[in-house]
Amino acid sequence: MKARFKRKRTHQAEAADARPLAERPTVPLSTQSTLSGQLRRRRTGRLVAGVASGVAEHLNLPVLWVRGAFAALAVCGGAGILAYALLWVFVPQSSGAEQPISVKERQQGVGMILLCIGAMVAAVSFIAAPTWVVAPLVVVLVGAAVVWREADESQRRRWRQGARSGVAGALLGGGGRAALVRISAGAALVVLGLVIFLVGTSSIDDVRFGLLSVLATLIGVAVLTVPWWVRLVRDLNVERASRIRSQERAEIAAHLHDSVLQTLTLIQKQADSEREVRRLARGQERELRNWLYGPDGYGSEREAAIDDAPAARFAAALGRVCGEVEDVFAIKVQQVVVGDCDLDERLTAQLAAAREAVVNAAKHAGVAEVSVYAEVESEQVSVYVRDRGAGFDPDRVPDDRHGLADSIHGRMQRHGGRVKVRTSPGSGTEVQMEMPRAAA
Amino acid sequence: MLIVTGEATPEVSESRPVRVFLVDDHALFRAGVRAELGASADRVEVVGEAGSVAEAVTGIDHYRPEVVLLDVHMPDGGGAEVLRQVRSKNIEVVFLALSVSDAAEDVIAVIRSGARGYVTKTISGRELADAVERVRAGDAVFSPRLAGFVLDAFSEGPNSAPVGDPELDLLTPREREVLRLLARGYAYKEIASELFISVKTVETHVSSVLRKTQLSNRYELSRWASDRRLV
């Protein structure tokens with residue numbers, strides 16, 4: 001009980017700063033609806049740790065009743081103190097707006113605490129607990145309260161400063177010497193209380209004394225550090241989540257700036273050239289689409305999204321090939337890939353052949369769109385390049401044209417693949433390329 | 001559909017344009033679709049449009065269109081949500097998904113919720129009008145990309161999970177063949193002549209693929225999506 005009183009005093013100076021702004025209503029009805037409904041300790045308008053006012057706000061009761069209940073329970077065997085301490089440790093501080101405390105309420109609260117202490121002293125003297133038990137207990141309570149209070153303060157400081165400190169920072173909270181002094185004082189009080197308690201029981205023999213002192217030390221350390229660990233873990237989780245969110249946002253903004261906004265600017269400048277506008281827009285669409293939905297895209301693992309790394313997967317590589325042709329020839333290449341596998345030497349050759357087929361279609365077919373369909377099966381990989389353009393008569397291709405013969409037929413055959421060309425003048429062209437997969 | 005009896009003029013049922021309702025959260029895109037479909041005004045008539053799920057549900061209820069052109073990506077749940085709500089009201093209307101999305105999970109989700117087809121937003125106005133007429137007639141319309149998605153979902157990879165109900169979950173070789181040609185960019189008519197079957201048969205195959213896609217509730221689609229880290 002003295003612990004609560006002591007803490008109230010350390011708190012007074014700062015509460016006095018915020019106080020005169022407005023008269024806080026004793027029963028905060030109107031603020032109730034805006035809260036998330038989760039129990040929070042109040043940061044201001046508190047006498048000790050803001051537990052009572054937080055509970056009052058949560059239950060929508062006058063804060064005086066809650067304090068009265070805590071005091072009454074404290075007189076009944078100290079249950080109120082225990083409840084208060086547990087709530088203090090496990091209920092997070094509210095990070096909401098600050099509300100100053102009224103003079104009247106402060107007086108009521110202090111009166112309640114004094115009344116409670118008096119009742120406790122009377123009760124203790126009535127049941128005649130030995131002084132060597134009560135006095136060290138009070139000292140320990142005061143010390144622990146000081147340290148815990150400092151943990152609250154350090155948390156608030158870290159909120160103010162944006163919270164980027166290590167464990168030492170979490171302990172001291174950037175409070176510097178004052179914080180150190182307060183923590184040392186609190187720790188000293190706890191140790192002192194425990195020592196007094198042990199000295200008071202010196203009639204017990206040495207072995208039990210040793211055991212007891214170890215146990216008491218451990219309890220002391222636990223009591224001192226529990227609130228920090230609880231809050232440290234909680235704060236770090238909250239902070240990590242918000243940092244990830246803001247990093248994501250920054251990354252999306254940066255990407256849109258680098259790609260879409262730049263392209264739109266270029267399009268505005270080159271609005272006269274229809275072909276150039278189409279090329280820019282198509283390239284941008286492909287890039288953004290790949291970023292959003294592609295196999296290396298935004299939704300997947302970030303390491304894979306490095307642009308200039310060689311594509312190790314067939315589908316991504318085919319997409320890149322089609323994109324290059326789109327850019328160079330300002331046509332649309334619609335590509336559909338079923339399945340995927342790792343690239344090897346044969347498939348690289350097939351990709352080169354497919355590229356040549358798409359380039360041929362872009363150059364000679366005279367169409368705006370080429371379809372590319374690839375299917376990865378367990379035994380072979382098939383690529384079909386199709387356009388609905390001019391078509392040609394295979395028998396009348398001059399001998400000096402090497403594209404189809406060398407780049408497609410030759411390449412595929414050297415690696416054991418097959419090529420079939422279906423075409424006739426006026427009905428478009430389809431190049432079918434099949435490559436057996438390596439046995440591995 | 002009008003039921004034409006006896007001597008009534010068949011032209012009436014033939015020439016009446018299909019009543020279409022547009023759902024897309026981008027007003028600019030809706031205006032574009034209206035303009036594109038305006039060129040085929042004798043075949044397709046846009047009776048209304050909506051920019052959100054709630055508007056769409058009310059609008060479809062009010063206008064009773066024959067075909068709804070449905071965007072996949074919208075706030076408040078997207079096309080699948082519209083489908084769910086309209087279907088629960090038991091309105092007889094056919095949905096055609098019209099999407100810019102390349103994310104197979106979205107597209108497959110809309111198809112599985114009961115859309116009769118899926119076309120991409122790069123489609124030309126004439127092709128879109130064709131697609132609308134075809135779904136109105138009870139057919140399924142697949143774009144090459146969707147055909148690729150479905151093939152991928154049903155493909156029997158070396159590490160594919162065991163299939164619980166083969167009749168439901170597997171595509172017949174003929175259906176695979178049809179889908180593969182679709183994915184290669186063939187039109188229904190070209191597929192028919194390629195496979196020496198009638199266009200009607202092609203349509204039947206595609207419709208049964210659609211039914212399987214809607215019915216098969218397990219393994220392939222979810223496994224396929226999770227393989228690609230889409231879920």
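Predicted model: local features only at pLDDT ≥ 70, side-chain atom pairs only at ≥ 80, totals over all residues.
**Entry 1: chain A overall**

I started with chain A as a whole. I counted 13 helices and 5 strands in chain A. Of its 440 residues, 40% are buried. I also looked at how far apart in sequence the contacting residues sit. Taking contacts in chain A with a separation of 6 or more, 72% are between residues 24 or more positions apart.

**Entry 2: where A meets B**

Next I went to the interface. I then asked which three residues of chain A supply more of its buried area than any other three. They are Arg289(A), Tyr293(A) and Tyr373(A), with 26% of the area that chain A buries against chain B.

**Entry 3: charges and polar pairs across the interface**

I looked for salt bridges between the chains and found 6 of them by the rule. One I picked out joins the side chains of Arg180(B) and Glu377(A), at 3.8 Å from N to O. For polar contacts, the count between chain A and chain B is 8 residue pairs, with both residues at pLDDT 80 or more.

**Entry 4: strands of chain A**

Is β5(A) mostly covered or mostly open? It is mostly covered, with 7 of its 8 residues buried.

β5(A) has two pairings in my notes. With β3(A), the pairing is antiparallel and runs over 8 bridges; there, Arg386(A) stands opposite Glu430(A) in β5(A). With β4 (residues 418–423) of chain A, the pairing is again antiparallel, over 6 bridges. In that pair, Thr423(A) stands opposite Thr429(A). The hairpin of β4(A) and β5(A) has 5 residues between the strands, and I noted Gly426(A) there with a positive phi near 95 degrees.

**Entry 5: helix α9 of chain B**

I came back to Arg180(B), the partner of Glu377(A) in the salt bridge. Arg180(B) is one of the buried residues of α9(B). The helix covers residues 173–183 of chain B, and 8 of its 11 residues are buried. Besides Arg180(B), the buried set includes Glu175(B) and Arg176(B), along with Val178(B), Leu179(B), Leu181(B), Leu182(B) and Ala183(B). Just after the helix, Gly185(B) takes a positive phi of about 95 degrees.

**Entry 6: the sheet of chain B**

Last, I traced the sheet in chain B. What is the strand order? It is an open sheet of 6 strands, β2-β1-β3-β4-β5-β6, with parallel pairing. The edges are β2 (44–50) and β6 (141–142), each pairing on one side only. Further in, β1 (residues 18–23) and β3 (residues 67–70) of chain B pair in the parallel sense over 4 bridges. Val23(B) stands opposite Leu70(B) in β3(B).

How values were computed: Residues numbered from 1 in each chain as written. Chains lettered and ligands numbered in written order. Heavy atoms only, no water. Buried area = accessible area lost by both parts, 1.4 Å probe. Salt bridge = Lys/Arg side-chain N within 4 Å of Asp/Glu carboxyl O. Polar contact = N/O pair within 3.5 Å; in protein donor to acceptor, adjacent residues only side chain to side chain. Buried < 20%, exposed > 50% of the residue type's maximum accessible area, 1.4 Å probe, protein only. Pairing = 2+ DSSP bridges. Contact = heavy atoms within 4.5 Å.
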